[in-house]
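Here's a short tour of a few local features in one model. Have the sequence and the coordinates open as you read.

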Amino acid sequence: MARHSFFILLLALLSSDTLRAQIQPTPKIGLCLSGGGAKGLAHIGLLKAIDSLGIKIDFITGTSMGGVVGGLYAIGYSGRALDSLARTLDWDELLSNKVPMDLVNIDEKDLYGKFPLELPIHGKKLELPSGIVEGHAMMALLQQLTFRAVNVRDFDQFPIPFRCIGGDIVHGKPIVLRSGNLAYALRATMSIPTIFAPVELDGNLLVDGGLFKNFPVDILCDMGADYVIGGFTGGKLFKKEELNSMMRIIYQSASFGRVAESVWQKQTCDILADFNEALNAEGLDAGDFKKTKEILAIGDRVTQKIMPQLRALAAAQQAAQSKIPAPDLPIRIKPDSAQAKLDARLLPSANEARYIVDQYYGTRRFKNVNYDLVQIENGVPVLKINTQPQPRALLNVGVHYDNVLSASILANVTLRDILGANSRATFGLDIGDNYKLRADYRIHFKNPQWWFNTYTYFEKVKAPVYLDGLVYDEFIRNFVRSGIGVHRSLTRSTQIGAEFVLENTRYRPNLLVSDRSTPFIEGDTLLGITQVRISMPGIEFQYLSNTLDHPILPTRGMRMSVTARMSLGSPVLFGTEVVYNNKKIDQIDDNEKVTPYGKVLVRWEELFKMGEYARFYPKVAVGARLTNSLQETQLDVMDRFLVGGVDARNDWAYVPFVGNREAYTLQSAFAAIQLNFPILLPNNVQLIPQYGILSGTGLDIQGATPLLDIFNEIHQSYGLTAGVQTLIGPVLLNVSKANNDNRWQVYGSIGFRF
């Protein structure tokens, strides 16, 4: 029991005229909430019961998730408000290293989130991260939620005095956090070793306090609590047959001490809501944030078992308070004496402060961003933004597989501010059967909205040619695109730009006709292609607006792009060989010079919410090369739009159209509409029925201007895509069919394309 029996003291208070005359204070009620990761959300059921009965809490202590829940309750959040918050949070986002893509600046979206592993480079050495999760999103949320207490340094000045526990990983001891910035303290107390990166606070390197003191009832008693209500959600030892994974063995090896301590801490409670048994019976563990609703339901159910005790406490407390005047406790957050003159009205709102933090993160130049309240000379309060820059050099690694381009390993080195202030240089490599290279350099001007950019991209891929649904021939496509230009961001998500570009495309057959073991027709003269090549210098204008929250499986936002290029005169080479009886008897190289012409591609896609779990997601693409009949004859198959497939490529000539294989049709001009109906399922899974319409010129030019023949072929398609977000990137499986191909198409992919 607690150090003083509440009911004995209450009886004395109600029966003694002498004590009543002396106006003794009522006994102090303390609340202690244990750690337990996701299981700690069960504490919210206890808080809702305390609120419903009107029990006044005088002190709160907590560790890890118990510290987070208790800290928010201490500064004025109700149990019901915390319940609503827990149900609506995107836990996957909070427990990741990524901020949503729609918060990333437009000049950084090209590579953002495509590499699951980022390793800092210091000197010539790679550094491993101190935790799987740096906790950017979690820290930003905690600062937003605790903004009402940003000007309070002493946790005793909260509406309910509060303590939480951090673990000093250097000296191996618990640290009681009682002052400073509340968001920092809450982030420290929940820093599970190897999962979250540790937090440096007041000279200490802190991890999850549960490593040393998971249920700090003794700290509550030290604060002056006479009567203790406890909520316990964590701490168990696995049986022999359950120790079947490395993570469980690591967990077990660090758990003996804290489990033993929690046993006697539980015995000190006067009322104990022990959620642990019910949570374990449902197979729930510390990482089950996706099962928040189930955990909250268990919290409510277990709390009902102790409602008689809570009702008795509420009645006794109310009786005591009616007999003995209570002290004048603060009902609002009270600034300490050092900051008594601060005018909170001069501070930005919590949402405004969060917007400032998001702006910093959106530049991708900072590893951590947080803020604190400071005073300037005239006493006006300001938020001081504290930043930790990204390492100047990063190695990014990823993997990709799809049944079109096969498997590959992706590697990228990013250098910041090494080749000039406010610069970013990237060097990327896709290692696989179809390999790709990319080098990019950009530097911002004094006005950060403007930047100079230059890049080179190269790919060597297999390019089949289809005839009547079958692979007629297979070519090797070498494509090089280089550009140099200037861009300007209009908003965080929108940019315009102009570049001088040079595109070189070369097709050569995988096997020459003259190298085949048998000719197509015995004893006949054959004409075979040796190569087709085009060089396209030009001026390109770009507009891009992108607010999607994910590049592959978004749930909100839109994307619109306009690319217009004026080619400045394009030399085209058609190389052929004449083969007779399997021997080359002649080589013909036909050179053409195509006069300047234009090419335009417009793409738009947007998600419309159709309910909590359904979206309407149309995608529209319209493209045309603006040529006359002579230019069309000279260009022939070169510089067409390659329409078909599920995934986009880095080359703007490739335009996806579900139901067809990639580059299934070659279009001089086309319009495609794809209607998607994503259904959002648990565990980041999406099921997407699809329907598409394609209208284009195809290859049947017939000497006419393509724009006049734009409706000479119309195709329809339908399909179904299943997708899921994973640690290594999106995983997709698509089954689809189009009426211009008698085959069902099956496409599968893992991770992001280069």
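R148 counts as partly exposed because its relative accessibility is 42%; buried here means under 20% relative accessible area, exposed means over 50%, and partly exposed lies in between (1.4 Å probe, protein chains only). You'll find R148 in the loop between α7 and β6 (162-168). R148 and S349 are 201 residues apart in sequence, yet their C-alpha atoms are 8.9 Å apart in space.

A quick word on where this comes from: the model is predicted, with local features needing pLDDT of at least 70 and side-chain atom pairs counting only at pLDDT 80 or more, while totals for chains, interfaces and linings use all residues. Residues are numbered from 1 along each chain as its sequence is written, and side-chain values use heavy atoms, with hydrogens and water left out.

**Two helix pairs**

Helices (H or I, at least four residues) and strands (E, at least two) are DSSP runs, numbered from the N terminus. Axes are lines fitted to C-alpha atoms, for helices over the stretch in contact, and angles between N-to-C directions run from 0 to 180 degrees. Here are the two pairs:

| Helices | Axis distance | Angle |
|---|---|---|
| α7 (residues 136-145) and α8 (residues 182-189) | 9 Å | about 140° |
| α3 (residues 43-53) and α4 (residues 65-74) | within 10 Å | roughly 25° |

So α3 is roughly parallel to α4, whereas α7 and α8 are oblique to each other. The cut-offs are these: under 35 degrees is roughly parallel, over 145 roughly antiparallel, 65 to 115 roughly perpendicular, and the rest oblique.

The crossing of α7 and α8 is right-handed. On the α7 side the contact (heavy atoms within 4.5 Å) uses M139, L142 and Q143, and α8 brings A183, Y184, L186 and R187. By class, that makes five nonpolar, one polar and one charged residues. Ala, Val, Leu, Ile, Met, Phe, Trp, Tyr, Cys and Pro count as nonpolar, Asp, Glu, Lys and Arg as charged, and the others, Gly among them, as polar.

The crossing of α3 and α4 is right-handed too. H43, I44, L47, I50 and D51 of α3 meet G66, V69 and Y73 of α4. That contact has five nonpolar, two polar and one charged residues.

**Strands and a hairpin**

Strands count as paired if DSSP finds at least two bridges between them. β3 (residues 117-122) pairs with β15 (residues 393-402) in the antiparallel sense over four bridges, and E118 has N396 of β15 as its bridge partner. Two bridges also join β3 to β4 (residues 125-126), again antiparallel, with I121 opposite L126. Two residues sit between the strands of this β3-β4 hairpin, where G123 takes a positive phi near 65°.

Further along, three strands make an open sheet with mixed pairing, in the order β30-β29-β31. β30 (654-655) and β31 (665-667) are the edge strands, each pairing on one side only. β29 (residues 641-643) runs antiparallel to β31 over three bridges, and L642 is bridged to L666 in β31.

Most residues other than glycine have a negative phi. A663, in the loop between β30 and β31, has a positive phi near 60°. A663 is buried, with a relative accessible area of 13%. N683 also has a positive phi near 60°, and lies in the loop between β33 (679-681) and β34 (685-696). At 46% relative accessibility, N683 counts as partly exposed.

Technical notes:
Left-handed = near helix turned anticlockwise from the far one by under 90°.
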